[in-house]
Amino acid sequence: MAKQGPRHAGRALFHEVFGSAPEVGASAPGRVNLLGEHTDYNGGPVLPIALDRRTVVYARAAPGFRFASALEPGVIERRMDEGPLGHWSDYLIGVVRQLVAIGCEVPGADLTVVSAVPAGAGLSSSAALTVSAAAALAQLARRRLTPEELIDVAWRAESEYVGVRCGRMDQTIAVCGRPGMALALETATGQRRMVPFAGSVRLLDSGLRHALVAGEYEHRRIECEEALRRCQRLIPGLTSLAEIPVKALPRIGRLLPRTLARRVRHVVTETTRVREGVDALRRGRRTRFGELLYAGHASLRRDFESSCEEADAIVALARKSGATGARLTGAGWGGVVIILAPERSAGAVVERIQAGFARRFGRIPQAWESRAGGGVRIER
Ligand code: ADP
Ligand code: MG
């Protein structure tokens, strides 16, 4: 990760690799989802903030495509017409192809990537990459993209070309993030509302990576699809699990297989937690908001079974150490735990959690601090 800031390091890397100054640049943030886990593909709401950690892309027009990232030595040459290689450069080729698909005449490009968003930790380094690359390459093509076009290009690059079955939350917040604000996004309609979110969050890395358990995530999606089919027989006209009213849960609990009923209960209660969370933030009720995070984690652990021992331990330690709220965020089975604590004691809270974790697991989990940051922007 760049020490001097990714913007400075990005320009320096471009110079070093391609021997000139870049023509265009853009950056986009990682994100953390405060509340609303596994609701995105079930028609429910999510509540992410953009991080103040960003990915910066610099580029110049060129005859072909040559990419370099600070994460890896060397330069990779790619062709636009080839299929995905299972390499990080797939995200960029995916973006180029989607830009071309909407009529953006991208020439070739020499392009560098430097990021302060840790990759694969559940902080959406992938959308930070696709959104910043799309914004930089659109400039090379002299096209101004609307926020909707940018979200769509980045989302299609990842879902259609790279082949990750993701919702649009990551791309939307990477484009629309605003300092000091969370984004309440209704995934069924695309409706967006900004909600005040002052202060900082702490992020603690469980050290486990979700890439190892992609199969579990896929399995949950299949379970949710099956649960929806069964619920549609009970509730005519139902189009998503998030629409199910809380009062229908006892009946669903009696009529669906145990596991599926628990998955439904998570989605339905998580949906109400996001709505209550938005209300709590609007009224400045941080304690109530924190309780919703704890409740959200318990639901992931018990009902959705997408947590892991390390994350459960961090959340339990957080509670004991005086955090107002904590929960595993992201796809699950590892990644990052988000921790809310009063500003003046947050540092001490994190240290207590790290010490408790180290006693049990023999290593100190990495911690980051962040605030709600801004979305995509042009960089000089
Ligand atoms: P997350 O989005 O949670 O960080 P993903 O698995 O969705 O995790 O995306 C991580 C992938 O995105 C990396 O494996 C890599 O292919 C690509 N990526 C992200 N940031 C960079 C970067 N700075 N340089 C090169 N590739 C990156
Ligand atoms: Mg990602």
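In strand β6, the bridge partner of P45 is E186. Strands are DSSP runs of E with at least two residues, helices are runs of H or I with at least four, and both are numbered from the N terminus. The structure is a predicted model, in which local features need pLDDT of at least 70 and side-chain atom pairs count only at pLDDT 80 or more, whereas totals for chains, interfaces and linings use all residues. Residues are numbered from 1 along each chain as its sequence is written, and side-chain values use heavy atoms, with hydrogens and water left out.

Strands β2 and β6 run antiparallel and are joined by 2 bridges; two strands are taken to pair if DSSP finds at least two bridges between them. Strand β6, residues 181-186, is largely enclosed by the rest of the structure, because 5 of its 6 residues are buried. Here buried denotes under 20% relative accessible area, exposed denotes over 50%, and partly exposed lies in between, with a 1.4 Å probe and protein chains only. Strand β6 is also joined to strand β7, residues 192-196, by 5 bridges, and these two strands run antiparallel. Within this pairing, A182 has V195 of β7 as its bridge partner, and A184 stands opposite R193. The two strands form a hairpin with 5 residues between them, and G190 in the turn has a positive phi of about 80°.

Strand β2 spans residues 45-62 and includes P48. The relative accessible area of P48 is 0%, and therefore this residue counts as buried. Leaving aside neighbours within four places in sequence, P48 is in contact (heavy atoms within 4.5 Å) with R31, V32, N33, L34, M169, I173, A182 and L183.

The nonpolar interior was examined next. A nonpolar core is a set of buried Ala, Val, Leu, Ile, Met, Phe, Trp, Tyr and Cys residues joined through side-chain atoms within 4.5 Å. The largest such core has 41 residues, and L241, I244 and V264 have the most contacts inside it. At least two residues of this core come from each of several elements, including α6 (214-234), α8 (258-282), α9 (286-304) and β9 (325-329). Apart from this core lies another, of 40 residues, among them V24, L92, C104 and L111. With neighbours within four places in sequence left aside, I244 is in contact with C231, I235, L238, I252, V264 and V268.

Helix α9 has 19 residues and reaches 25 Å from its first C-alpha to its last, close to the 27 Å expected at 1.5 Å a residue; the expected span is 1.5 Å times one less than the number of residues. Buried residues of α9 include F289, L292, L293, Y294 and F304. The helix is followed by E305, whose phi is positive, near 50°.

Aromatic side chains form 5 pairs in the structure. Rings of Phe, Tyr and Trp (its six-membered ring) pair if their centres lie within 6.5 Å; planes under 30 degrees apart count as stacked, over 60 as edge-to-face and the rest as tilted. One of the pairs, F14 with F18, is tilted, at 5.0 Å centre to centre and 50° between the planes. These residues are separated by about one helical turn, because they lie 4 residues apart in helix α1 (residues 6-18). Both F14 and F18 are buried. F65 and F67 form another tilted pair, with 6.1 Å between centres and 50° between the planes. F65 is buried at 9% relative accessibility, and F67 is buried at 1%.

Charged groups also lie over aromatic rings, a placement that requires NZ of Lys or CZ of Arg within 6 Å of the ring centre and within 35 degrees of the ring normal. R286 lies over the face of F197, at 4.6 Å from the ring centre. The charged end of R319 sits over the ring of Y294, 4.0 Å from its centre.

Most residues other than glycine have a negative phi. H38, which is not a glycine, has a positive phi of about 65°. This residue lies in the loop between β1 (24-35) and β2, and H38 counts as buried at 3% relative accessibility. R142 likewise has a positive phi, near 55°, and is found in the loop between α3 (125-140) and α4 (147-162). At 78% relative accessibility, R142 counts as exposed.

Technical notes:
Chains are lettered from A and ligands numbered from 1 in the order in which they are written.
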